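Q: I have a chain open here and would like to go through it with you. Can we take it piece by piece?

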Amino acid sequence: MSQLETAMGMIIAVFDQYARSDGNRQALSKAELKTLLEKELPNFLATGKDRNAIDKVFKNLDENGDSQVDFKEFVIFVAALTGCCHKYFEQNAAK
């Protein structure tokens, strides 16, 4: 598999790993999202001191308001976060 195919497979595998803990493999609950962020993106939450960060992230990701983050909502988050990281590294490389 190519690097991009491998990366796509990893995103799917990570989502599935955390989504299945409550029995619903189609979406992440708030608790599952919290665990995923703490384990897979520890620096994402570590930079802020906001106690309600998980609640805010969850509310923003739950685009359809069903109190779950489905795969599409999760992928949008990963893409947006990746875009921010790309922009950050581009700006710092230019300095």
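Q: Which helix is Phe71 found in?
A: Phe71 is in helix α5. Keep in mind that this is a predicted model.

Q: Is Phe71 buried, exposed or partly exposed?
A: Phe71 is partly exposed, since its relative accessible area is 32%. For reference, buried means under 20% and exposed means over 50%.

Q: Stepping back, what secondary structure does the chain have?
A: The chain has five helices and two strands.

Q: In what order do they run?
A: Starting at the N terminus, the order is α-β-α-α-α-β-α.

Q: And what does the C-alpha trace span along its principal axes?
A: The C-alpha trace spans about 45 × 40 × 25 Å along those axes.

Q: How much of the chain is buried?
A: Of the 95 residues in the chain, 23% are buried.

Q: What about Leu61, buried or exposed?
A: Leu61 is buried, because its relative accessible area is 11%, and buried means under 20%. Leu61 belongs to helix α4.

Q: How far is Leu61 from Ala31, C-alpha to C-alpha?
A: Their C-alpha atoms are separated by 14 Å. Along the chain, Leu61 and Ala31 are 30 residues apart.

Q: Switching to pockets, how much space lies in the largest pocket?
A: The largest pocket holds about 290 Å³ of space.

Q: Which residues are closest to its centre?
A: Glu40, Leu41, Phe74, Val78 and Leu81 are the closest to the centre, out of 14 residues that line the largest pocket.

Q: Which elements give two or more residues to that lining?
A: Those elements are α1 (3-19), α2 (30-40), α3 (42-46) and α5 (71-93). The largest share comes from α5, with five residues.

Q: How does the lining divide into nonpolar, polar and charged?
A: The lining of the largest pocket has 11 nonpolar residues, two polar and one charged.

Q: New topic: how many salt bridges does the structure hold?
A: There are two salt bridges in the structure. As background, side chains of opposite charge can pair when their charged atoms come close.

Q: What does Lys30 form a salt bridge with?
A: Lys30 pairs with Asp55, and their closest N and O atoms are 3.0 Å apart.

Q: Where does the pair Glu38 and Lys34 lie?
A: Both residues lie in helix α2, four residues apart, which is about one turn of the helix.

Technical notes: Residues are numbered from 1 along each chain as its sequence is written. This is a predicted model: local features need pLDDT of at least 70, side-chain atom pairs count only at pLDDT 80 or more; totals for chains, interfaces and linings use all residues. Side-chain values use heavy atoms; hydrogens and water are left out. On a 1 Å grid over the protein atoms alone, a cavity is a set of points where a 1.4 Å probe fits but cannot get out, and a pocket is an open set with protein on both sides within 12 Å along at least five of seven lines; lining residues have an atom within 4 Å of a point. Grid points are joined across faces, edges and corners, and a volume is the space filled by probe spheres set on the points. Ala, Val, Leu, Ile, Met, Phe, Trp, Tyr, Cys and Pro count as nonpolar, Asp, Glu, Lys and Arg as charged, and the others, Gly among them, as polar. Buried means under 20% relative accessible area, exposed over 50%, partly exposed in between (1.4 Å probe, protein chains only). A salt bridge is a side-chain nitrogen of Lys or Arg within 4 Å of a carboxyl oxygen of Asp or Glu.
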